[in-house]
Amino acid sequence: MRLRRAFSNGQVPLFDPFLLLDNFGSANPADYMAGFPWHPHRGIETVTYMLEGRVAHGDTLGNSGVIDAGDVQWMTAGSGIIHQEMPERAEGRMSGFQLWVNLPARQKMDVPAYRGLGASEIPEIETDTGNRVKVVAGSFGTAHGPVSGLSVDPTYLDVRVPAGGSFDMPTHPGYTAFAHTIAGSGRFDANGEVVASAGETLLHGPGESIRIDAADAPLRFLLVSGRPLHEPVAWYGPIVMNSQEELIQAARELRSGEFIKHARPVDEE
Ligand code: CO
């Protein structure tokens with residue numbers, strides 16, 4: 001799978017509580033048909049947002065289905081899940097994002113959970129200045145995303161700003177916030193000095209608001225924020241814990257077949 005990795009373990013703890021952002025996408029099936037065959041996760045949440053194409057998935061919780069363009073899969077690996085994500089067909093463009101959200105130490109071994117969100121479940125609002133904002137998590141204006149109640153209090157927005165337009169949003173003091181540009185270019189700070197174009201990631205500094213101005217073409221970006229955990233990070237591939245001992249234990253459990261603690265979805269409520 002051809003990936004553009006916006007940030008990852010080399011940037012810890014800059015993006016805390018976010019660990020990794022991948023942009024997968026290509027018009028060439030040879031770049032994407034390998035997909036992500038069966039692999040484990042523990043200690044994190046993975047958030048897949050499809051922009052184009054379709055991906056079939058299956059996991060050890062018994063979930064399986066297709067993530068279509070506009071859909072989001074918010075998967076809490078917790079104590080451990082093994083899943084796969086494979087492109088559905090070998091034609092046309094496929095693109096999307098995968099974000100890894102860290103779990104606090106006290107929740108890393110919780111029961112895994114899975115939310116499959118169809119595009120129609122993700123509210124989109126249009127502001128009076130013509131911005132269109134899809135709210136996957138958190139809230140924007142009067143729109144509330146379907147994902148809430150998580151300890152890092154994430155906001156996940158897909159924002160489109162018309163050419164020459166601007167976007168403003170208050171932020172929580174002390175939270176981490178970053179933008180990742182999907183299309184177009186713009187100025188990403190209040191002084192208008194930080195210019196970025198498609199594929200670039202901008203980590204916002206401390207402050208009480210974010211202001212982003214589109215250049216002379218429509219601008220589209222992801223805006224993500226959350227409460228940092230300020231905990232030690234021990235990271236090995238798809239497993240992110242707090243200590244080396246926990247990583248060694250996970251590797252031992254993978255070898256012995258004891259990695260998966262919960263193989264059935266637990267009833268919600
Ligand atoms: Co995965």
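Visitor: Which element gives the largest share of the lining of the second largest pocket?
Guide: Keep in mind that this is a predicted model. The elements that give two or more residues to that lining are β17 (176-183), β20 and β21 (209-214). The largest share is 3 residues, and it comes from β21.

Visitor: How many residues of the lining of the second largest pocket are nonpolar?
Guide: The pocket has a volume of about 400 Å³, and 22 residues line it. His204, Gly205, Pro206, Gly207 and Ser209 are the ones nearest its centre. Sorted by class, there are 2 charged residues, 9 polar ones, and the nonpolar count is 11.

Visitor: Which strands stand at the edges of the sheet of 6 strands?
Guide: Read along this open sheet and you get β11-β12-β15-β22-β17-β20, with antiparallel pairing. An edge strand has a single partner, so one of its sides is left without a neighbour in the sheet. That is the case for β11 (124-126) and β20 (201-203).

Visitor: What is the bridge partner of Val159 in β22?
Guide: Let's look at strand β15, residues 155-161, beside strand β22, residues 219-226. They pair in the antiparallel sense over 7 bridges. Val159 has as its partner in β22 the residue Phe221.

Visitor: How many degrees does the twist average from one strand to the next in the open sheet of 4 strands?
Guide: This sheet has the order β3-β8-β5-β6, paired antiparallel. Its edges are β3 (36-41) and β6 (64-67), each with a single partner strand. From one strand to the next, the twist averages 25°.

Visitor: How many residues apart are His39 and His83?
Guide: The cobalt ion has His39 (NE2), His41 (NE2) and His83 (NE2) as its protein donors, 2.0 to 2.1 Å from it. In sequence, their spacing is H-x1-H-x41-H. His39 sits in strand β3 and His83 in strand β8, so this pair links distant parts of the chain, with a separation of 44 residues.

Visitor: Is His83 buried or exposed?
Guide: The cut-off to know is that buried means under 20% relative accessible area. His39 has 17%, so it counts as buried. His83 has 2%, so the word for His83 is buried.

Note on methods
Residues are numbered from 1 along each chain as its sequence is written. This is a predicted model: local features need pLDDT of at least 70, side-chain atom pairs count only at pLDDT 80 or more; totals for chains, interfaces and linings use all residues. Side-chain values use heavy atoms; hydrogens and water are left out. Two strands pair if DSSP finds at least two bridges between them. Axes are lines fitted to C-alpha atoms, for helices over the stretch in contact, and angles run from 0 to 180 degrees between N-to-C directions. Donors are N, O and S atoms within 2.8 Å of the metal (3.2 Å for Na, K and Ca); water is not among the atoms, so sites may look incomplete. Buried means under 20% relative accessible area, exposed over 50%, partly exposed in between (1.4 Å probe, protein chains only). On a 1 Å grid over the protein atoms alone, a cavity is a set of points where a 1.4 Å probe fits but cannot get out, and a pocket is an open set with protein on both sides within 12 Å along at least five of seven lines; lining residues have an atom within 4 Å of a point. Grid points are joined across faces, edges and corners, and a volume is the space filled by probe spheres set on the points. Ala, Val, Leu, Ile, Met, Phe, Trp, Tyr, Cys and Pro count as nonpolar, Asp, Glu, Lys and Arg as charged, and the others, Gly among them, as polar.
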